[in-house]
Amino acid sequence: MKNHLIALVVGAAVVAFTAPVAQAQEQWIVSLCEYTKTDDKNRIRKLLTDNKVNVRKIYDAVKCNNESLIKFAMRSDAYEAGSFFVKQMPANALKDEALEDWAKANGFEASPLVNDIRARIGTD
C-alpha cells in the first residue's frame with residue numbers, strides 16, 4: 001500500500017511539473033512569432049538567449065501560422081527578423097526548404113530576404 005501511495009505522489013508531481021513547462025515552451029514560441037511579425041530582432045535575440053535556444057535546433061519545429069520562421073517573416077514584411085534567421089541557418093537547410101521557389105510562387109520574389117537567401121546559399 002505504501003508503494004502505491006509513493007507511486008501516486010510521484011506521478012502527480014510529474015504531471016504537475018510537466019504542464020507548466022509545456023505551457024512555458026508554448027508561450028515563448030508565441031512570443032517568437034509575435035516578435036518576428038513586428039520585426040523586432042533585438043527581442044528575438046533576447047528571447048532565444050534567455051531560453052538558451054539555438055535557432056538551428058528549433059527552426060524545423062517552430063511554425064508561425066503553419067509556416068517556417070523565414071516564410072512567416074517574408075509574409076509579414078519583417079526584413080530584420082528574417083535576415084537574422086537566414087544568417088543563423090546553414091545554407092543547405094535554406095536550399096532544402098526551397099525558399100526562393102516558395103517566394104516566387106507566393107508573390108514575394110521582390111522581397112529583400114530573397115537576396116539574403118541567395119547570398120547565403122551562394123547562388124547570387
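Author: Helices, of at least four residues, and strands, of at least two, are DSSP runs numbered from the N terminus. The model discussed here is predicted.

Reader: How many helices and how many strands are there in the protein chain?

Author: The elements of the protein chain, read from the N terminus on, run α-α-α-α-α-α-α-α. The count for the protein chain is therefore 8 helices and 0 strands.

Reader: What percentage of the residues of the protein chain count as buried?

Author: A residue counts as buried when its relative accessible area is under 20%. The protein chain has 124 residues, and the share of them that count as buried is 34%.

Reader: Among contacts between residues at least 6 apart in sequence, what percentage join residues at least 24 apart?

Author: The question concerns contacts in the protein chain between residues at least 6 apart in sequence. Of these, the share that join residues at least 24 apart is 68%.

Reader: Which residues does Phe-85 touch, not counting residues up to four places away in sequence?

Author: Phe-85 is one of the core residues that touch the most other members. Beyond four places in sequence, the residues that Phe-85 touches are Leu-32, Thr-36, Ile-44, Val-55, Leu-69 and Ile-70.

Reader: Is Phe-84 buried or exposed, and which residues does Phe-84 touch beyond four places in sequence?

Author: Phe-84 is placed in helix H5. Because its relative accessible area is 8%, Phe-84 is buried. Phe-84 and Ile-70 are 14 residues apart in sequence, with a C-alpha to C-alpha separation of 9.1 Å. Not counting residues up to four places away, Phe-84 touches Lys-41, Ile-44, Arg-45, Leu-48 and Val-55.

Reader: Are H5 and H8 roughly parallel or roughly antiparallel?

Author: Two packed helices are described by the angle between their axes and the distance between the axes. H5 and H8 pack at an angle of about 15°, and their axes are 10 Å apart. Angles under 35 degrees count as roughly parallel, so H5 and H8 are roughly parallel.

Reader: How many nonpolar, polar and charged residues has the contact of H5 with H8?

Author: H5 passes H8 in a right-handed crossing. On the H5 side, Tyr-79, Gly-82, Ser-83, Val-86 and Lys-87 take part, and they meet Pro-112, Leu-113, Asp-116, Ile-117 and Arg-120 of H8. By class, this contact has 5 nonpolar, 2 polar and 3 charged residues.

Reader: With which residues is Ser-83 in contact, leaving aside its neighbours within four places in sequence?

Author: Ser-83 has its place in helix H5. Its relative accessibility is 5%, so Ser-83 counts as buried. Outside its sequence neighbours, Ser-83 is in contact with Leu-113 and Asp-116.

Reader: What is the C-alpha to C-alpha distance between Ser-31 and Ile-44?

Author: Ser-31 is in helix H1, and it is buried, with a relative accessible area of 11%. In sequence, Ser-31 and Ile-44 are 13 residues apart, whereas in space the C-alpha to C-alpha distance is 8.4 Å.

Reader: Near what value is phi of Asn-65?

Author: Most residues other than glycine have a negative phi. Asn-65 has its place in the loop between H3 and H4, and at 66% relative accessibility it counts as exposed. Phi of Asn-65 is positive, in a residue other than glycine, and is near 55°.

Reader: Near what value is phi of Asp-39?

Author: Asp-39 lies in the loop between H1 and H2. Its relative accessible area is 25%, so Asp-39 is partly exposed. Phi of Asp-39 is also a positive value in a residue other than glycine, near 60°.

Reader: With which residues is Glu-67 in contact, leaving aside its neighbours within four places in sequence?

Author: Glu-67 is found in the loop between H3 and H4. Glu-67 counts as buried because its relative accessibility is 12%. Its contacts beyond the sequence neighbours are Val-62, Phe-72, Arg-75 and Trp-102.

Key. Residues are numbered from 1 along each chain as its sequence is written. This is a predicted model: local features need pLDDT of at least 70, side-chain atom pairs count only at pLDDT 80 or more; totals for chains, interfaces and linings use all residues. Side-chain values use heavy atoms; hydrogens and water are left out. A nonpolar core is a set of buried Ala, Val, Leu, Ile, Met, Phe, Trp, Tyr and Cys residues joined through side-chain atoms within 4.5 Å. Buried means under 20% relative accessible area, exposed over 50%, partly exposed in between (1.4 Å probe, protein chains only). Contact means heavy atoms within 4.5 Å. Axes are lines fitted to C-alpha atoms, for helices over the stretch in contact, and angles run from 0 to 180 degrees between N-to-C directions. Angles under 35 degrees count as roughly parallel, over 145 as roughly antiparallel, 65 to 115 as roughly perpendicular and the rest as oblique. A crossing is left-handed if the near helix is turned anticlockwise from the far one by less than a right angle, and right-handed if clockwise. Ala, Val, Leu, Ile, Met, Phe, Trp, Tyr, Cys and Pro count as nonpolar, Asp, Glu, Lys and Arg as charged, and the others, Gly among them, as polar.
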